[in-house]
Amino acid sequence: MEKCSFYSLREKEVVNVCDGRRFGYVCDMEIDPVCGAVCSLIVPGEFRCLGLSRGSDYVIPWSCIEQIGDDIILVRVTTLIPRERRHDKKGKKKKD
């Protein structure tokens, strides 16, 4: 497999091969700091409240990725793992 940059991953749409659902585009990834391996891709949640806010982001484990193509990432996901958004609209970290 060719190497690809994070920037190029962000331009690819994520599609589930189980049901054909389009999740959107990669917005972030989680990396294991010890070995440097990519653990998962993060896809933003769907818009809600008349398109004014987003729901939780979704975590797609690297092991669920079936194929990375020129313009699409095929994943096999039966259950999405929600992850709360970590920053507010101004880029400040949310208080717990």
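**From one bridge to the whole fold**

In this predicted model, glutamate 13 has tyrosine 25 of strand 2 as its bridge partner.

Strand 1, which covers residues 13–16, is joined to strand 2 by three bridges, and the two strands run antiparallel. Both belong to an open sheet of four strands, whose order is 2-1-9-8 and whose pairing is mixed. At the edges of this sheet stand strand 2 (22–25) and strand 8 (65–68), and because each of them has a single partner strand, one side of each is left without a neighbour in the sheet. Neighbouring strands of the sheet are turned against each other by 20 degrees on average, when direction is ignored.

Of its 96 residues, 31% count as buried, where buried means a relative accessible area under 20%. Among the contacts between residues at least 6 apart in sequence, 35% join residues that are at least 24 apart. The accessible surface of the protein comes to about 7200 Å², and 51% of that surface belongs to carbon and sulfur atoms.

Terms used:
Residues are numbered from 1 along each chain as its sequence is written. This is a predicted model: local features need pLDDT of at least 70, side-chain atom pairs count only at pLDDT 80 or more; totals for chains, interfaces and linings use all residues. Side-chain values use heavy atoms; hydrogens and water are left out. Buried means under 20% relative accessible area, exposed over 50%, partly exposed in between (1.4 Å probe, protein chains only). Contact means heavy atoms within 4.5 Å. Accessible areas come from the Shrake-Rupley method with a 1.4 Å probe; for residues, only the protein chains shown count as cover. Two strands pair if DSSP finds at least two bridges between them. Axes are lines fitted to C-alpha atoms, for helices over the stretch in contact, and angles run from 0 to 180 degrees between N-to-C directions.
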